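Trainee: I would like a close look at one part of this model. Please take the pocket and its lining.

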Amino acid sequence: MTADPVGTAVTTAIETIDWHTGGEPFRIVPDAPSQLTAPGLTVAERRVVAMESSDVQWLRTLLCAEPRGHADMYGGFLVPPDDEDADLGVLFWHKDGFSTACGHGTIALAAWAVASGRIPAPADGVTEVVVDVPSGRVRAEVRTAHGLVEDVTFTNVASHVHARDVPVSTPHGDLTVDIAFGGAMYAILPAAAVGLRVRPGDVTELIAAGRRIRDTLNAVNAAEHPTDPRLSGIYGTIFTEEISPPELRPDGTRRLRQRNITVFADGEVDRSPCGSGTSARVALLAATGELRPGDDLRHESVVGSEFRAWIDEVTEAHGHSAVVPAMTGTAYPVATCRFVVDPRDALLPGFLLR
């Protein structure tokens with residue numbers, strides 16, 4: 001951040017690099033506030049510092065809110081990793097605060113790190129990028145061809161089903177949802193259960209239903225993480241829809257084709273298939289036997305972008321049967337931004353109309 005004269009006012013300048021993964025924005029802030037870069041802290045601890053700092057919250061709001069952002073903005077502060085075995089650390093943020101995990105953000109961050117030369121990579125090949133996030137250490141493999149990033153394969157933390165058939169009362173009637181952890185806790189149910197489809201025309205009603213389900217479940221503490229209270233609470237609601245029946249391939253494995261929309265935080269909509277949400281979905285499908293090692297899930301978003309996801313490893317986590325999900329997606333640059341702040345601006349740090 002730098003101070004520069006603009007007209008007669010002294011302003012603060014904030015540099016960002018904007019990417020998108022499957023249509024979902026990711027605003028990268030390479031120079032994080034000094035409170036977030038002090039030595040000796042883990043990324044999970046830095047998230048707590050960010051949540052408790054009024055200055056950091058002000059900056060998050062500035063970059064998320066209008067006129068510099070919008071109600072569905074997403075981004076991250078680059079911070080030191082937990083130790084020298086990781087390449088990057090990141091704190092993910094949105095209009096309502098700091099999330100514990102973000103698959104689409106990890107994909108965008110890894111693609112940017114290679115494309116920008118921050119992490120050296122061959123013109124043709126695969127480069128591993130290790131990233132520390134609040135929910136743990138994740139890995140991304142960035143595939144390059146002819147000097148360009150082609151796609152990114154993201155391997156998440158161990159993911160598990162937290163609870164099955166949890167009752168929840170809604171204006172659509174008494175429903176049941178499954179709760180699964182994919183770096184964050186999600187309530188999962190078919191969109192048809194609330195009389196809707198995963199399509200752009202139903203987004204407003206899906207947001208309302210998703211918020212109500214999340215708030216109702218959080219009011220009764222339905223998603224307590226078994227070991228880390230910082231990971232507790234329903235972060236989002238995932239509405240699912242089958243595109244076509246599972247396809248049996250010649251080698252005996254199956255391909256599932258499904259569509260989803262993830263309504264997270266306080267009514268934000270993920271334009272991508274949602275990385276942590278896809279991980280939770282993989283964990284649930286594995287638990288029901290619908291997705292087996294060797295199968296893959298073609299997981300489509302509400303705007304038609306797609307992640308290819310699968311079970312990388314079967315394991316245990318916190319006393320639960322768990323899987324390590326992996327998925328491949330694409331990310332592309334959008335802009336390099338230099339936002340300025342005039343202290344005379346009465347609308348600082350910004351506003352939201354939704």
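What volume does the largest pocket have?

Mentor: The model is predicted, so local features need pLDDT of at least 70 and side-chain atom pairs count only at pLDDT 80 or more, while totals for chains, interfaces and linings use all residues. Numbering runs from 1 along each chain as its sequence is written, and side-chain values use heavy atoms, without hydrogens and water.

The largest pocket has a volume of about 320 Å³. Of its 20 lining residues, Arg-47, His-94, Phe-98, Ser-99 and Tyr-235 are the closest to the centre. Helix 1 (43–52), strand 6 (97–99) and strand 13 (234–248) each give two or more residues to this lining; strand 6 gives the most, with three. The lining divides into eight nonpolar, seven polar and five charged residues.

On the terms: a pocket is an open set of points on a 1 Å grid where a 1.4 Å probe fits, with protein on both sides within 12 Å along at least five of seven lines, and lining residues have an atom within 4 Å of a point. Volume is the space filled by probe spheres set on the points. Helices (H or I, at least four residues) and strands (E, at least two) are DSSP runs. Asp, Glu, Lys and Arg count as charged, and Ala, Val, Leu, Ile, Met, Phe, Trp, Tyr, Cys and Pro as nonpolar; the others are polar.

For comparison, the second largest pocket has a volume of about 260 Å³. Of its 21 lining residues, Leu-189, Pro-190, Thr-240, Glu-241 and Arg-281 are the closest to its centre. Strand 13 supplies at least two residues here as well, but helix 5 (275–288) gives the most, with four. This lining holds nine nonpolar, four polar and eight charged residues.
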